[in-house]
Amino acid sequence: MSPRGAETVHSFTCFGGVSCIRVGGDSASGRTAALAALLAQARLLDVHRRLSRFAPDSDLARLNADPHAVVAAGRLLRLLADAVVDAGERSGGLVDATRLNELERAGYRASRAEAAGLALDEIIASAPAPRPAAAHPAAAWRTIAVDHGARTITRPAGLRIDSGGLGKGLAADLVADALRDHPLVAIDCSGDVRIGGTAGVARPVLVEDPFGGEPLHEFTIADGAVATSGIGRRSWRGAGGAVAHHLLDPATGLPAWTGVVQATALAPTALEAEVLAKTALLAGPRRGRDALVHGGVLVLADRSVDVVAARPDRIAA
């Protein structure tokens, strides 16, 4: 039986949407694809539970509520804190996971996994004039320090972080790396996708149209990742009927309106793809292209589509 024929597929609710695990073929050590997929599903559900800001007993919620500057933390939470710092550095402060207070003030206080977002045309009709987002001058993400030897996270007391898309990308990478000795592996954490496996088989990955039309583009990936960030799925009407969504301009603490409504990024890892996709959306149409160093797709408010090739000096996923 070929690796593709032996593929086991599990789809389930996780990370605020539908996640999917695909494992093809037994590992070199004899672990079956069926067992690997079951273990991977359990791992993703555990990561979601531990990194959720909506569960008061989660690891992340306990960190955010801890009044001490130095907090003992397990490996998963330390990796998330590392990801917060790296995202800030890589994006020039545009991807700032320390703006949780502003996100809650915008109306995102509880999980919106069961809530339908607004139609994209409705969002665009209510949006102000587009402008690129900017970093917050405080750059609070710079105050986070991780000591893996001491197993601690240091940050100013009261600083709270949001796992958001960073948690999804991190989870996809952790699980895919644990399955890397299987012939075929694809981990989709509600839109953050990591693909690999020893067989080196390329998979098609479609870029969906946020306006509801046919897929806009198709990538083929044998070893790498893709992530998409958009303003439509987690959107709502707040106080006074104002339209809001979950991607903030760090400088203002308000939902960003940059002229980009969706950005898809390729990268070697799902965590990097997540950061690059958000950076591209927040940077706006011009600077957003520069953020897609491994290639990707921008969808603008006027429905135009910009397929961006990988930069010659970088290796595309």
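The model is predicted, and local features need pLDDT of at least 70, side-chain atom pairs count only at pLDDT 80 or more, and totals for chains, interfaces and linings use all residues. Residues are numbered from 1 along each chain as its sequence is written, and side-chain values use heavy atoms, with hydrogens and water left out.

The structure holds 20 salt bridges, a salt bridge being a side-chain nitrogen of Lys or Arg within 4 Å of a carboxyl oxygen of Asp or Glu. One of them joins Arg22 to Glu7, with the closest N and O atoms 3.6 Å apart. Arg22 belongs to strand β2 (residues 17-24) and Glu7 to the segment before β1, so this pair ties together parts that are 15 residues apart in sequence. Helices (H or I, at least four residues) and strands (E, at least two) are DSSP runs, numbered from the N terminus. Arg22 is partly exposed, at 32% relative accessibility. In these terms, buried means under 20% relative accessible area, exposed means over 50%, and partly exposed lies in between (1.4 Å probe, protein chains only).

A salt bridge is also found between the side chains of Asp46 and Arg50, at 3.2 Å from N to O. Both residues lie in helix α1 (residues 33-51), where, being 4 residues apart, they are separated by about one helical turn. Asp46 is partly exposed, with a relative accessible area of 24%, and Arg50 is partly exposed at 22%. Asp46 and Arg50 also belong to a network of salt bridges that links them with Arg49, Asp59 and Arg62.

Arg90 and Glu272 form another salt bridge, in which the closest N and O atoms are 3.5 Å apart. This pair links distant parts of the chain, as Arg90 is in helix α3 (residues 75-90) and Glu272 is in helix α7 (residues 270-291), 182 residues apart. Arg90 is partly exposed, at 40% relative accessibility, whereas Glu272 is buried, with a relative accessible area of 10%.

Asp209 is located in the loop between β8 (203-207) and β9 (217-221). Asp209 is buried but has no salt bridge, and the nearest side chain of opposite charge, that of Arg303, is 5.5 Å away. For charge, Lys and Arg count as positive and Asp and Glu as negative, while His and the chain ends are not counted. The side chain of Asp209 does reach backbone nitrogens: that of Phe211 at 2.9 Å, and that of Gly213 at 3.1 Å from one of its polar atoms. These are polar contacts, defined as pairs of N or O atoms within 3.5 Å; within protein, one atom must be able to donate a hydrogen and the other to accept it, and residues adjacent in sequence count only if both atoms are side-chain atoms. Leaving aside residues up to four places away in sequence, Asp209 touches Glu214, Pro215 and Leu216, where contact means heavy atoms within 4.5 Å.

Thr258 occupies the loop between β14 (254-255) and β15 (260-267). Thr258 is buried, with a relative accessible area of 5%. Its side chain reaches the backbone nitrogen of Val260 at 3.2 Å, and a polar atom of that side chain lies 2.7 Å from the backbone oxygen of Leu281. With residues up to four places away in sequence not counted, Thr258 touches several residues, including Pro130, Arg131, Leu281 and Pro285.

Backbone angles were also examined. Most residues other than glycine have a negative phi. Arg303, which is not a glycine, has a positive phi of about 75°. Arg303 is in the loop between β16 (296-300) and β17 (305-308) and is partly exposed, with a relative accessible area of 45%. Arg151 likewise has a positive phi, near 60°. Arg151 lies in the loop between β4 (145-147) and β5 (152-154) and is exposed, with a relative accessible area of 56%.

A search of the whole structure finds 1 cavity of 30 Å³ or more. On a 1 Å grid over the protein atoms alone, a cavity is a set of points where a 1.4 Å probe fits but cannot get out, and lining residues have an atom within 4 Å of a point. The largest cavity holds about 40 Å³ of space; grid points are joined across faces, edges and corners, and a volume is the space filled by probe spheres set on the points. Its lining consists of Leu63, Asn64, Ala81, Ile144, Ile153, Arg155, Leu159 and Ile161.

Key: 1 Å grid on protein atoms, 1.4 Å probe; cavity = no way out; pocket = protein on both sides within 12 Å on 5 of 7 lines; lining within 4 Å.
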